[in-house]
Amino acid sequence: MTDEELRDELLRRMKVDQALRDPAKGFPGDRRLARLQKLDAGNTAWLYSVVANRGWPLVSQVGERAARAAWLLAQHATASGAQRLFRELMAEAVEREEASPRDLAYLEDRVRVRSGRPQLYGTQFHDGAAGLEPMPIEDPGLLDERRAAVGLGPFAEYEAFIRRTEALPRRDR
């Protein structure tokens with residue numbers, strides 16, 4: 001697969017992923033949830049094949065948008081082992097300035113939460129007793145410092161954004 005073919009396929013998969021997750025469609029019902037799970041499983045297997053054959057899709061190979069698409073597919077990976085591998089490969093790409101540290105922070109938190117560990121950057125929320133609340137955060141006193149180091153804004157602003165987004169009316173399915 002050429003870099004251009006990989007770029008085009010990453011962008012196509014991201015477009016389908018985001019269309020199915022469109023918040024205007026409301027919370028997914030059983031049918032849409034099943035489609036999302038099938039889509040994520042297929043994307044996970046495809047991305048795993050890509051990285052096994054040619055490594056993590058780098059910005060210099062596929063461009064920033066398609067590199068971000070690779071991250072998005074990794075973020076939605078269904079297999080925790082594959083997701084951990086994607087995080088490791090993406091971390092190596094970040095060290096070489098070939099991937100976004102900000103995107104890696106989201107993937108790091110997703111992997112940590114999935115494995116029962118506290119997140120580092122405060123990107124993952126869940127439904128709690130009072131609505132959306134952040135999943136546990138490691139050493140919260142250093143949270144904004146860690147966020148700034150990867151290009152994320154202050155946690156209070158992000159949390160307010162998440163809460164505003166959750167409060168938006170949703171269109172029926």
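Buried means under 20% relative accessible area, exposed over 50%, and partly exposed anything in between (1.4 Å probe, protein chains only).

**View 1. Pro 140 in its loop.** Pro 140 sits in the loop between β2 (131-134) and α7 (143-149); helices (H or I, at least four residues) and strands (E, at least two) are DSSP runs, numbered from the N terminus. With a relative accessible area of 56%, Pro 140 is exposed. Its C-alpha atom is separated by 8.3 Å from that of Leu 120, 20 residues apart along the chain. This is a predicted model, where local features need pLDDT of at least 70, side-chain atom pairs count only at pLDDT 80 or more, and totals for chains, interfaces and linings use all residues. Residues are numbered from 1 along each chain as its sequence is written, and side-chain values use heavy atoms, with hydrogens and water left out.

**View 2. Helix α1 against helix α2.** Helix α1 (residues 3-20) and helix α2 (residues 30-54) pack at about 160 degrees, axes 11 Å apart. Axes are lines fitted to C-alpha atoms, for helices over the stretch in contact, and angles run from 0 to 180 degrees between N-to-C directions. The pair is therefore roughly antiparallel (an angle over 145 degrees). Contact (heavy atoms within 4.5 Å) involves, among others, Leu 6, Leu 10 and Val 16 of α1 and Leu 36, Leu 39 and Trp 46 of α2.

View 3. Where pLDDT is low, the predicted coordinates should not be read in detail. For the protein, mean pLDDT is 91, and 92% of residues reach 70 or more.

Key
Parallel < 35°, antiparallel > 145°, perpendicular 65-115°, else oblique. pLDDT = per-residue confidence, 0-100.
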